[in-house]
Amino acid sequence: MKLLSNVMEQVLKRNPNEPEFHQAAKEVLESLELVAERHPEFIKAGIFDRIVEPERQIIFRVPWVDDNGNVRVNRGFRVQFNSAIGPYKGGLRFHPSVNLGIIKFLGFEQIFKNSLTGLPIGGAKGGSDFDPKGKSDGEVMRFCQSFMTELYRHIGPDTDVPAGDIGVGAREIGYMYGQYKRIKNDFTGVLTGKGLTWGGSLVRTEATGYGLCYFVEEMLKAKGKSFKGATVAISGSGNVAIYAAEKAQELGANVVTMSDSNGYIYDPDGIKLDTVKRIKEVERKRIKEYVKYHPSAQYTEGCTGVWTVKCDIALPCATQNEIDEQSAKTLVANGCYAVGEGANMPSTNEAIEVFLNAKVLFAPAKAANAGGVATSALEMSQNSMRYSWTFEEVDAKLKQIMVNIYKNASAAAKEYGFEDNLVVGANIAGFMKVANAMYAQGIAY
Ligand code: NDP
């Protein structure tokens with residue numbers, strides 16, 4: 001980095017103890033060096049300095065009462081990063097590892113991802129260090145209500161529209177939506193991922209996983225390959241992982257692994273998704289239960305071991321930094337020729353380098369997993385119109401959006417002399433639209 005090294009230095013100085021945010025900023029800024037060279041007007045207008053600083057960060061106390069009558073306190077976050085091209089949009093994550101740096105890395109990535117969808121949405125992210133695991137429905141409900149009792153004043157259908165992420169699914173969205181409506185007396189599209197009878201969109205549940213496969217299929221097609229007959233390793237067993245597995249199977253792949261934070265299952269005959277859905281979506285149990293129903297499958301403790309399984313295509317769909325340099329090398333040595341990131345930033349920067357050097361087809365998260373937020377934006381459109389599209393209509397729009405993202409990222413990579421490098425391509429394509437909007441809108445003195 002030459003022109004933008006001072007921007008990165010400022011990020012490090014101003015945001016100490018936020019390694020995930022540093023990692024995300026470095027990856028993007030490195031890709032934008034040539035853009036800075038070609039667009040001195042962006043440097044003069046401080047676009048790079050401004051884009052790494054959130055427009056607003058909200059941190060708040062979330063007190064709630066557990067089933068034994070004890071008062072518990074968690075911390076809530078909403079980082080409204082950039083609204084140049086539309087209202088803030090991005091998920092809420094409930095996981096004990098959540099802190100400001102994690103929310104900032106996710107919010108920063110969200111700016112470019114949302115831009116890539118071609119839809120008018122700005123970037124944001126939020127959440128809490130609350131852990132829904134092991135909590136009763138009543139405890140989750142009281143937590144969600146308390147969380148929304150503060151958050152409601154910062155969001156709105158034309159201001160900021162949160163959605164789900166890790167630990168926030170249909171149940172949590174329901175409790176938060178109920179509380180928003182109670183306080184505001186407004187039935188409005190303020191959250192996405194809602195239930196189908198109260199404003200939700202068909203395909204939203206499947207969108208990130210399906211969209212990932214549509215993107216990867218397009219990337220494979222450009223090189224004369226496809227999912228058909230390929231062996232696929234998937235990590236995670238949550239919303240993204242389950243529907244990535246479903247679409248990959250539909251496209252003819254043999255999905256052989258899934259995992260959770262405790263360990264992974266390997267079923268060489270192909271994962272039976274009905275069983276996984278029952279265990280994870282209905283019973284909310286651990287993935288190791290799977291081998292009780294399918295004794296020919298194996299369960300291994302430790303989640304990173306999933307990347308030692310031989311596969312053609314890897315779809316990391318659990319969490320950030322789950323593929324490090326060593327896991328990347330193992331995947332390459334085992335013949336893996338394509339990686340599609342379903343989770344946000346699942347590969348470390350060192351792992352990405354290993355993949356790119358080995359000419360592995362690499363689909364970066366901000367492009368490949370944009371199908372979730374794209375369908376959320378379609379949910380917003382349907383809410384505004386007070387109208388619902390059919391499953392087929394939404395699915396067709398999702399597919400078209402993913403194909404367009406691939407085309408735009410791929411074209412931007414070529415234009416800047418990085419043919420086939422979708423990391424650089426996605427960063428540049430996502431950045432240009434936001435940068436032009438920021439430039440046009442001027443600076444408030
Ligand atoms: P879920 O909560 O539905 O599932 C998360 C899965 O990942 C679970 O299997 C979970 O296991 C596992 N996991 C979570 N944290 C860790 C960890 N620290 N180590 C190992 N495994 C872990 O979340 P989603 O499926 O919604 O999200 C998965 C990823 O996809 C995240 O990176 C998210 O940001 C990203 N994403 C999600 C979108 C969406 O629409 N939902 C959109 C775009 C990106 P366990 O049950 O043991 O915690």
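The largest nonpolar core here has 60 residues, and those with the most contacts inside it are Phe 215, Phe 227, Ile 234, Met 258 and Leu 315. By nonpolar core I mean a set of buried Ala, Val, Leu, Ile, Met, Phe, Trp, Tyr and Cys residues joined through side-chain atoms within 4.5 Å. Buried means under 20% relative accessible area, exposed over 50%, and partly exposed in between, with a 1.4 Å probe and protein chains only. Helix α9, residues 204–221, gives the most to this core, with nine residues. Helices are DSSP runs of H or I, at least four residues, and strands are runs of E, at least two, numbered from the N terminus. Domain 1 (53–188) and domain 2 (207–359) both give residues to the core, so it lies between them. A second, separate core has 43 residues, among them Met 8, Phe 48, Ile 103 and Phe 431.

Before going on, a note on the source. This is a predicted model, where local features need pLDDT of at least 70 and side-chain atom pairs count only at pLDDT 80 or more, while totals for chains, interfaces and linings use all residues. Residues are numbered from 1 along each chain as its sequence is written, and side-chain values use heavy atoms, with hydrogens and water left out.

Now the ligand. Gly 167 has a backbone N or O atom 3.0 Å from an oxygen atom of the ligand.

Next, Thr 375, in helix α16, residues 371–385. Is Thr 375 buried or exposed? Its relative accessibility is 0%, so Thr 375 counts as buried. Setting aside neighbours within four places in sequence, Thr 375 is in contact with residues including Ser 201, Arg 204 and Leu 398; contact means heavy atoms within 4.5 Å.

Last, the domains. Their bounds come from an automatic or database domain assignment. The centres of domain 1 and domain 2, taken over C-alpha atoms, are 27 Å apart. Ten residues of domain 1 are in contact with eight residues of domain 2.

Terms used:
A polar contact is a pair of N or O atoms within 3.5 Å; within protein, one must be able to donate a hydrogen and the other to accept it, and residues adjacent in sequence count only if both atoms are side-chain atoms.
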